[in-house]
Amino acid sequence: MPQLALLLTTFVWGATFPATKAALEQITPLAFLFLRFLLGMLLVFAVLLLLRRKLKRDAAMLRMSLIASLWLFLGYVLQTVGLHLTTASNSAFITVLYVVFVPLYLRRLSAHTWISNGIALIGLWFLVKPTASANLGDLLTLGSAAAFAAHMVCLERYTRTTDAVSLFAWQLVMMTVAMLGAMWWEQPTAAMFEPSRVLLLGLGVTGILATGAFAVQMWAQQLLPAQQVALLFAVEPAIAAWLAWYFLGENLDAQGWFGSAMILGGVLLGSRVPGEMPQVSPTPVVVRSEGR
């Protein structure tokens, strides 16, 4: 069941928050993102090598991978830079506005979509309690939400018309190369790359587990409409708050618990119907033996 698989991956995405937070005490954000995608790329290509799985390298595949990777790169960079200029609660709330952007991009504006999205967004507001004031960081984070939504839309279309495994692998390659160039803007020092326990744990969660979660998304987006995928991912901040409360001792008050319950309610409501599905291309999608 793809809905259940995506909900399970949100536990991984939620775990990346405390893991990354700890790692960023040692290393700069873009340098960490480079190591994260490098580790994920090496892991995926090692699996493909063991399976003797060849990747498509035609012009259409590379073009689709480049387009999807550009949106993904833009989303990560804007989110990371914006986080330095705004509060963490504002960043969490604004980022998940991709729940709204996805149906807007696809012009899938059914009443059911807006009701379930509205419930989830109201719950998210109760959870993170964003301030009313806006700044440059808020605007950059809003741009990241728009970019992440565009990436989800790309995956819905591309995974139905081409080899999803190759699309997944080439995105990792392109993200690694892009982050390699971007991290030099931060001028990281050699000491930042010291293999400490905190850094290795952060890379294990984000580079290994989150790469697997990305693979699940690639698989699920062959079966589910993009707006439903976005809505299912709206539960991620709630899970992150729960994990931070359980493992780090961060406080989650009654309003936070109420907001979390509303998010779950919106997600469950939105996942009960398949939603508007695009026309599936007759081109076969060759992805069976690998996950996301």
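**Before we start**

A residue counts as buried under 20% relative accessible area, as exposed over 50%, and as partly exposed in between, using a 1.4 Å probe and protein chains only. This is a predicted model, where local features need pLDDT of at least 70, side-chain atom pairs count only at pLDDT 80 or more, and totals for chains, interfaces and linings use all residues. Residues are numbered from 1 along each chain as its sequence is written, and side-chain values use heavy atoms, with hydrogens and water left out.

**Rings that pair**

A pair of aromatic rings is described by the distance of the centres and the angle of the planes. Rings of Phe, Tyr and Trp (its six-membered ring) pair if their centres lie within 6.5 Å; planes under 30 degrees apart are stacked, those over 60 are edge-to-face, and the rest are tilted. This rule gives six aromatic pairs.

One of them joins Tyr76 and Phe148 edge-to-face, with 5.5 Å from centre to centre and 90° between the planes. Tyr76 belongs to helix 3 (residues 59–83) and Phe148 to helix 7 (residues 136–158), so their pair ties together parts 72 residues apart in sequence. Helices here are DSSP runs (H or I, at least four residues), numbered from the N terminus. Tyr76 is buried, at 13% relative accessible area, and Phe148 is buried too, at 12%.

**A partly exposed pair**

Trp125 and Phe126 have ring centres 5.5 Å apart and planes at 85°, so this pair is edge-to-face. Trp125 is partly exposed, with a relative accessible area of 41%, and Phe126 is partly exposed at 25%.

**A cluster**

Ring pairs also link Phe37, Tyr76 and Phe148 into a cluster.

Conventions
Helix = DSSP H or I, 4+ residues; strand = E, 2+ residues; numbered from the N terminus.
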